[in-house]
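Please keep the sequence and the model in view while reading.

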Amino acid sequence: MPVAELHDGQTIEVEVHGTGPALLLPVNPRPAEGPQADALRKWGVDPALGRSLIDGLSDAFRVVAFDYEGHVMSAPKPDTLTPAAIAGDLLAVADAAGADRFAYYGYSWLALSGLQLAIRTTRLSALAMGGFPPVGGPYAEMLRVTMATHGMSTSAPSAPETAQPPSASDDADWSSVTEVSLTEAQTRQFVTLYQALQGFDDRAVQSRISCPRLCFVGAADEISYGESWGGVQVSMAGPIVDRRAELEALGWDVRVLDGLDHTHAMQPGHVLPVLRPWLASRLGASQR
């Protein structure tokens with residue numbers, strides 16, 4: 001199993017499945033079990049999300065799977081999780097898998113990570129972003145959310161670790177959460193990320209993306225955070241729906257998934273029918 005060394009000297013395991021054009025897939029290849037699986041189901045998440053995506057793609061693509069989100073939660077990078085560092089980590093994974101050219105698919109903050117990668121390398125053969133707009137991204141709003149989460153992690157009494165929703169910055173009914181069991185370092189790394197993105201002009205960098213590109217979003221991806229998070233409203237769907245013509249003129253293929261919110265639009269049953277044929281058409285892979 002390949003191992004990639006990341007920007008802070010930590011390492012991450014990489015699994016490679018299938019043959020064909022290389023596709024970097026930052027997902028957990030191991031299905032969750034027991035209480036963790038039950039907690040994920042509570043948040044509307046398939047406990048085998050990563051494995052389902054791998055299985056649905058590896059007959060046509062050489063899938064390079066690595067649990068980057070799981071890694072940063074287990075080995076936090078509170079001062080160094082910047083866009084440039086993330087892009088470097090993704091390139092290190094590609095190097096470890098021997099993928100000189102590769103496509104990339106990420107969802108939510110892992111989608112914005114793909115955008116940061118795309119403006120820093122010419123090695124991408126295709127970029128697919130789910131659940132985060134490539135133009136008009138809610139960077140200021142997400143900084144407010146992550147700062148509030150960090151504040152709660154520093155003031156909350158220490159508690160046993162419990163299963164978390166899909167990510168520190170993903171959709172959730174935060175008004176129903178009564179305690180934060182994330183550590184200060186875990187939450188501060190996302191503050192570091194979004195602080196680094198303040199002032200980032202995602203419209204201005206579009207000319208630096210040289211590969212085919214896809215963005216998709218659930219039409220109901222409008223996230224309302226409770227009072228503990230400052231009552232922040234985060235719109236993932238709005239910038240894509242409202243600016244669809246602009247995005248298409250910039251070279252993006254756009255898909256809007258009717259009736260789906262942030263969590264439901266990331267599930268394999270909705271992602272694969274969009275992602276697989278698009279990748280096949282852009283990379284020349286075979287279809288089942």
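Tyr-107 is placed opposite Gly-130, a residue of strand E7. The model in which this pairing is found is a predicted one. Strands E6 and E7 run parallel to each other and are joined over six bridges.

How enclosed is E7 by the rest of the structure? Seven of its seven residues are buried, so E7 is largely enclosed.

These strands belong to an open sheet of seven strands with mixed pairing, in the order E3-E5-E4-E6-E7-E8-E11. Strand E3 (15-17) and strand E11 (252-257) are the edge strands, each pairing on one side only. From one strand to the next, the twist averages 15 degrees.

## Helices on the sheet

Helix H2 (residues 49-57) packs on the sheet, where it touches E3, strand E4 (22-25), strand E5 (62-65) and strand E6 (102-107). The direction of H2 makes about 170 degrees with that of E4. Helix H10 (residues 268-283) lies across E4, E6, E7, E8 and E11, and runs at about 160 degrees to E7.

H4 is mostly covered, since 10 of its 14 residues are buried. Among these buried residues are Pro-83, Asp-89, Leu-90 and Leu-91. After H4 comes Gly-98, which has a positive phi near 70 degrees.

## Selected residues

| Residue | Relative accessibility | Class |
|---|---|---|
| Cys-211 | 6% | buried |
| Cys-215 | 0% | buried |
| Gln-198 | 33% | partly exposed |

Cys-211 is classed as buried because its 6% lies under the limit of 20% relative accessible area. Gln-198, at 33%, lies between the limits of 20% and 50%, and therefore counts as partly exposed.

Which kind of covalent bond can join two cysteines? A disulfide is such a bond, formed between the sulfur atoms of two cysteines. The structure holds zero disulfides.

Where is Gln-198 placed? Gln-198 is in the loop between helix H7 (184-196) and E8. Leaving aside residues up to four places away in sequence, Gln-198 touches Tyr-139, Ala-140 and Leu-143. Ala-140 is 58 residues from Gln-198 in sequence, yet their C-alpha atoms are 6.5 Å apart in space.

## The chain as a whole

The protein chain has 10 helices and 11 strands. Of its 288 residues, 57% count as buried. Among contacts between residues at least 6 apart in sequence, 75% join residues at least 24 apart. The accessible surface of the chain comes to about 11,300 Å², and 49% of that area belongs to carbon and sulfur atoms.

Notes:
Residues numbered from 1 in each chain as written. Predicted model: local features only at pLDDT ≥ 70, side-chain atom pairs only at ≥ 80, totals over all residues. Heavy atoms only, no water. Disulfide = S-S within 2.5 Å. Buried < 20%, exposed > 50% of the residue type's maximum accessible area, 1.4 Å probe, protein only. Pairing = 2+ DSSP bridges. Helix = DSSP H or I, 4+ residues; strand = E, 2+ residues; numbered from the N terminus. Axes fitted to C-alpha atoms, helices over the stretch in contact; angles between N-to-C directions. Contact = heavy atoms within 4.5 Å. Areas by Shrake-Rupley, 256 points an atom, 1.4 Å probe, with all protein chains shown as cover.
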